[in-house]
Amino acid sequence: MSKQAVKIGILGLGTVGAGTARLLQRNAVEIYRRLGRDLRVEIASVRDEKADRGCDTESFALTADPMEVVNHPGIDIVVEAIGGETLAKQLVLAAIANGKHVVTANKALIALHGSEIFAAAEQHNVSVCFEAAVGGGISIIKSIREGLSANQIKLVAGIINGTGNFILTEMRNKGRIFEDVLQEAQQLGYAEADPSFDVDGIDAAHKLTILASIAFGIPLQFDKVYCEGISGLQLVDVAYAEELGYRIKHLGIAKLTAGGIELRVHPTLIPEKRLIANVDGVMNAVLVKGDAVGNTLHYGAGAGAEPTASSVVADIVDISRNLGSDRACHIPFLGFQADSIAELEVKPDGQFESAYYLRVEVNDVAGVMSQLASVFADLKVSLEAITQKEPARGETAVSVILITQRTLEAQITSAISTIEAMPDVRSAVQRIRVEHLD
Ligand code: NAP
Ligand code: HSE
């Protein structure tokens, strides 16, 4: 006798929600072969009931009231694909209180409200799965939480925003203007509803918050992530970095050190020979270093309808396999037992170490190079390279590029203040961190 279909309600039929409905429809037979049960979308909520969704909306009910989905008595699993924090949180908590399992792609929701949501889910004996919240179609949550559960994780470093990587790649390869590429990323469905989340690094910081919790068994602490986006990057830095053998990527880094955990998101120069330096377009890649396994690299599409839907549907399949079983037998939400989540210290801003790329615009006069070099000598910061570029025709300013060795961020901040006060320095110093990831 065949088992009853698992019934699904979807909140939002935008890029992710419609992609999920489409994938469930197109691959229904293949999914049945794996699960032994049908997955059936019963109802979905949208704001505009007339819009074309790119999936068959005839086979399920459509409503403009999302509460109808979470209160629907026949629904087993609610997929939250509305985005944002306030309404999404309200709906997810209501679904949980109604005894429904939840799948979400919403990293902001998990990073900011995950602890409260997991506690409610525990109380109501339901699952909350969020594979699609990080790395789009890459199963990075499952890989760290389950595949690497034997390891002490030392480092997670990743390109975790598809829109940002798409913009950087198009700027570098085609010399395209930032705003044009961002607009294309929005049309392709990669960008957040508020794209400043992508360009200012907030989306990557949400994702890093989740990755760090799963990697180190620490609480979700978005407010402790140092966050810098890509909007301050200039094409000239992309070009100079290449001349020096580096690529600029926007990285999220979570690192376990003797002095505490580093949580930071910022543009980073990476040696071009590293695999991760060659991850282009909307692709994401996450390097995870475990004490037993060593380095592992997880790669795939980081945004877009079907790659994201691939992760959402995988979560639906996982929950469906366990329907009716006790949550106590399941994998803990963050991969660690709730009472073992440790409050390890997160290093404050300025207290982490990195190497640095600095671009200083100076008057083309004798002695400036030695003045710059002496600032670093005084602070006992070693320089790996110092290069003066040729001045453009008719220009009296030149760019000086410095690469430092690894040092405390606070030392570099102090060096930059001194340099910016020098009479021959023409503008603010451009600072980009350098990571060798070896
Ligand atoms: P989207 O295309 O803007 O879709 C949002 C959907 O939610 C739309 O169907 C919209 O209805 C509905 N909606 C929005 N606000 C609503 C409200 N106040 N009341 C009722 N319905 C509302 O967004 P998305 O790109 O699919 O992203 C959804 C979530 O997935 C976000 O948390 C995002 O961060 C995450 N995510 C996105 C991607 C990606 O590649 N796009 C990848 C991974 C994770 P209408 O269509 O009728 O306006
Ligand atoms: N806006 C996000 C990105 C969607 O570009 O990575 C995937 O999380």
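1. The largest pocket first: in this predicted model, it holds about 1200 Å³ of space. A pocket here is an open set of points on a 1 Å grid over the protein atoms alone, with protein on both sides within 12 Å along at least five of seven lines. Points are joined across faces, edges and corners, and a volume is the space filled by probe spheres set on the points.

2. On its lining: 49 residues line the largest pocket, and Ala81, Ile82, Gly83, Glu192 and Ala193 are the closest to its centre. A lining residue has an atom within 4 Å of a point. The elements giving two or more residues to this lining are α1 (15-26), α5 (107-123), α7, α9 (196-199) and α10. Helices are DSSP runs of H or I with at least four residues, strands are E runs of at least two, and both are numbered from the N terminus. By class, the lining has 19 nonpolar, 19 polar and 11 charged residues. For the classes, Ala, Val, Leu, Ile, Met, Phe, Trp, Tyr, Cys and Pro count as nonpolar, Asp, Glu, Lys and Arg as charged, and the others, Gly among them, as polar.

3. Now ligand 1, which sits in the largest pocket; "sits in" means that more than half of its atoms lie within 2 Å of the grid points. There are 22 residues around ligand 1, and Asp48, Arg53, Lys107, Glu192 and Gly304 come nearest. To count as near, a residue needs a heavy atom within 4 Å of the molecule. The shell splits into nine nonpolar, eight polar and five charged residues.

4. A backbone N or O atom of Asp48 lies 2.8 Å from a ligand 1 oxygen atom, and one of Leu13 lies 2.9 Å from an oxygen atom of ligand 1. Lys107 uses a polar side-chain atom, 3.1 Å from an oxygen atom of ligand 1. The protein covers 81% of the 890 Å² of accessible area that ligand 1 has on its own. Accessible areas come from the Shrake-Rupley method with a 1.4 Å probe; for residues, only the protein chains shown count as cover.

5. Ligand 2 also sits in the largest pocket. Lys107 is among the residues surrounding ligand 2, as are Asn161, Thr163, Glu192 and Asp198. Gly162 has a polar backbone atom 2.7 Å from an oxygen atom of ligand 2, while a backbone N or O atom of Tyr190 is 2.7 Å from a nitrogen atom of ligand 2. An N or O atom in the side chain of Lys207 is 2.8 Å from a ligand 2 oxygen atom. Taken alone, ligand 2 exposes 250 Å², of which the protein buries 93%. Elements giving its shell two or more residues are α7 and α10 (202-216).

6. Cavities: the whole structure has four of 30 Å³ or more, a cavity being a set of points where a 1.4 Å probe fits but cannot get out. The largest cavity has a volume of about 60 Å³. Its lining includes Leu168, Arg172, Arg247 and Asp280, with α7 (162-174) and β9 (246-257) each giving two or more residues.

7. Ground rules: residues are numbered from 1 along each chain as its sequence is written, and chains are lettered from A and ligands numbered from 1 in the order in which they are written. Local features need pLDDT of at least 70, side-chain atom pairs count only at pLDDT 80 or more, totals for chains, interfaces and linings use all residues, and side-chain values use heavy atoms, with hydrogens and water left out.

Key:
A polar contact is a pair of N or O atoms within 3.5 Å; within protein, one must be able to donate a hydrogen and the other to accept it, and residues adjacent in sequence count only if both atoms are side-chain atoms.
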